Amino acid sequence: MVRNRQGRTRLSVAREMAEELTSFISLLPGVKAVETAGSTRRWKETVGDLDIIAGAENPEILLAALASHPRVKEVINKGDNRIEVMTWWGIAVDLSVVTPAEFIPAWHRATGSKTHYLILQEIAKYKGLKLNHRGIETQEGKVVDLTSEADIYRSLGMEYIPPELRENRGEIEAATGQGLPKIISGEDIKGDLHIHTTWSDSAMEIKDVVNKCLEKGYSYAAITDHSRSLKVANGLELERVLEQHQLIRQMNTSLKDFTLLTGVEMDILPDGSMDFPDELLEQTDVVIASVHTGFRQSKQDLTKRFTRAMENPNVDIIAHMTGRVLGRRESYELDVEALIEMAAKTDTVLEINASPDRLDLNEEHTRMAKEAGAKLAINTDAHDVRRWMKWSMAFLLPGGLVSPRGCNQYP
Ligand SMILES: [Zn+2]
Ligand SMILES: [Zn+2]
């Protein structure tokens, strides 16, 4: 079972499953198009079930094939052009089959969100048009020819809105007015400031990290292994950190067009003091401060703990601030708003942790940080190459309007 207690599945898992099933369906006879819709397509942090839309003349072939797919445990519901199944993964899949001509508008509607779509319908009405799963109809009942979703938005007098922004959080106003912000993509990422190695609790050697970074065309990366108090993660004693930093500086001299930075992910101790002395932090390129233990403190104490870290001029970045682990652990009790203000005031960078089970800061806090003028860094917190490669870039912004300015700045 991959679902958590609330019956939600992590986006990374949902997308892998959706990919497997859509590529299976795409090979069936008569299939002209098949795509994932719903919250999976909108890059929500977690999803309830998988929505798949296919365009084909003969729905029965697709419905029968999915019903007997080895991943499927049982059929929950079956109609003429729609089937709902429960998979062995523990996540339900809803497949709708429409005619190839209706595929684009049906896919668009099934992508949602509901409120985003409802507002588009209102706008259509205002313009004397009708928007539904068949497409856009004029008052005379003529269906507007659609070759892409962009045509739908164009017909309504607005810029194309990508799925991850379709949440009715200002995107419609932006798409009709001043324009949408650019969504950050993999090409915008020039480096990574939070990476673990075999020196603490990761499966990657420093040289693996360097090779991967070069492969990705990065220009810098920081090695940030855990500090001494985090014994469960093999946190480094002072002498080991010094040894590692010396090695990194040495490696860096032989690298061209790439800077390997020294770093540390240092625990903020329960009383708000730092796990390493200032003398070490002063000579470290990237100092990340974070909390991994003792987070059952009161909201006031935890907030104070983070505040003290931000006030330390040697602390560059606060990592995964709210501490949530999707499906496993809620955020700490924190005054996030006050901490965001403090980050802006002390020029401390806040991290968007791209690890699929963290995605922390979330969309709401990221927006808040941007509005407060705090700097943001998008880091992977990678512990192994696979996850790093596969997901790091995919999770940059889980929906919402955030301009790339200020992101991933070298502190
Ligand atoms: Zn951490
Ligand atoms: Zn980390």
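Colleague: Let me start with His320: is it buried or exposed, and what is its relative accessible area?

Modeller: His320 is buried, because its relative accessible area of 1% falls under the 20% limit for that class. Keep in mind that this is a predicted model. The residue sits in the loop between β14 and α12 (336-346). Its backbone deserves a look too: phi of His320 is near 25 degrees, a positive value in a residue other than glycine.

Colleague: Which other residue has a positive phi although it is not a glycine?

Modeller: Take Asn234, with a phi of about 55 degrees. You will find Asn234 in the loop between β11 (220-223) and α9 (238-253). Asn234 has 45% relative accessibility, so it counts as partly exposed, whereas His320 is buried.

Colleague: Let's go on to peptide bonds. Where is the bond cis, with omega near -5 degrees?

Modeller: That bond runs from Gly112 to Ser113. Ser113 belongs to the loop between α4 and α5. Gly112 itself follows α4 and has a positive phi, near 70 degrees. There is also a cis bond from Asp360 to Leu361, where omega is near 10 degrees; Leu361 is placed in the loop between β15 (349-353) and α13 (363-372).

Colleague: Since α4 has come up, how many of its residues are buried?

Modeller: First the general idea. An α-helix has 3.6 residues a turn, so residues three or four places apart point the same way. Now the case here: seven of the nine residues of α4 are buried, which makes the helix mostly covered. The buried ones are Phe103, Ile104, Pro105, Ala106, Trp107, His108 and Thr111.

Colleague: And what lines the largest pocket?

Modeller: It has 28 lining residues, and those nearest its centre are Arg82, Ala106, Arg109, Ala110 and Thr111. Elements that contribute two or more residues to the lining are α2 (38-41), β4 (50-56), β7 (92-98), α4 (103-111) and α5 (114-126). As for volume, about 710 Å³ of space lies in this pocket.

Colleague: How many residues of each class does that lining have?

Modeller: Eight are nonpolar, 10 are polar and 10 are charged.

Colleague: On to charges. How many salt bridges does the count come to?

Modeller: The count is 17, taking a salt bridge as a side-chain nitrogen of Lys or Arg within 4 Å of a carboxyl oxygen of Asp or Glu. One of them joins the side chains of Arg71 and Glu20, at 2.7 Å from N to O. Arg71 is in the loop between α3 (59-67) and β5 (72-78) and Glu20 is in helix α1 (residues 11-26), so this pair ties together parts that are 51 residues apart in sequence. Arg71 is partly exposed, at a relative accessible area of 32%, and Glu20 also counts as partly exposed, at 30%.

Colleague: What does Lys375 pair with in a salt bridge?

Modeller: Its partner is Asp347, at 3.4 Å from N to O. Asp347 is in the loop between α12 and β15 and Lys375 in the loop between α13 and β16, 28 residues apart.

Colleague: One last item: how far apart are Ala382 and Ser202 in sequence and in space?

Modeller: They are 180 residues apart in sequence and 7.9 Å apart in space, C-alpha to C-alpha. Ala382 is in the loop between β16 (376-379) and α14 (385-391), and it is buried, with a relative accessible area of 4%.

Technical notes. Residues are numbered from 1 along each chain as its sequence is written. Chains are lettered from A and ligands numbered from 1 in the order in which they are written. This is a predicted model: local features need pLDDT of at least 70, side-chain atom pairs count only at pLDDT 80 or more; totals for chains, interfaces and linings use all residues. Side-chain values use heavy atoms; hydrogens and water are left out. On a 1 Å grid over the protein atoms alone, a cavity is a set of points where a 1.4 Å probe fits but cannot get out, and a pocket is an open set with protein on both sides within 12 Å along at least five of seven lines; lining residues have an atom within 4 Å of a point. Grid points are joined across faces, edges and corners, and a volume is the space filled by probe spheres set on the points. Helices (H or I, at least four residues) and strands (E, at least two) are DSSP runs, numbered from the N terminus. Ala, Val, Leu, Ile, Met, Phe, Trp, Tyr, Cys and Pro count as nonpolar, Asp, Glu, Lys and Arg as charged, and the others, Gly among them, as polar. Buried means under 20% relative accessible area, exposed over 50%, partly exposed in between (1.4 Å probe, protein chains only).
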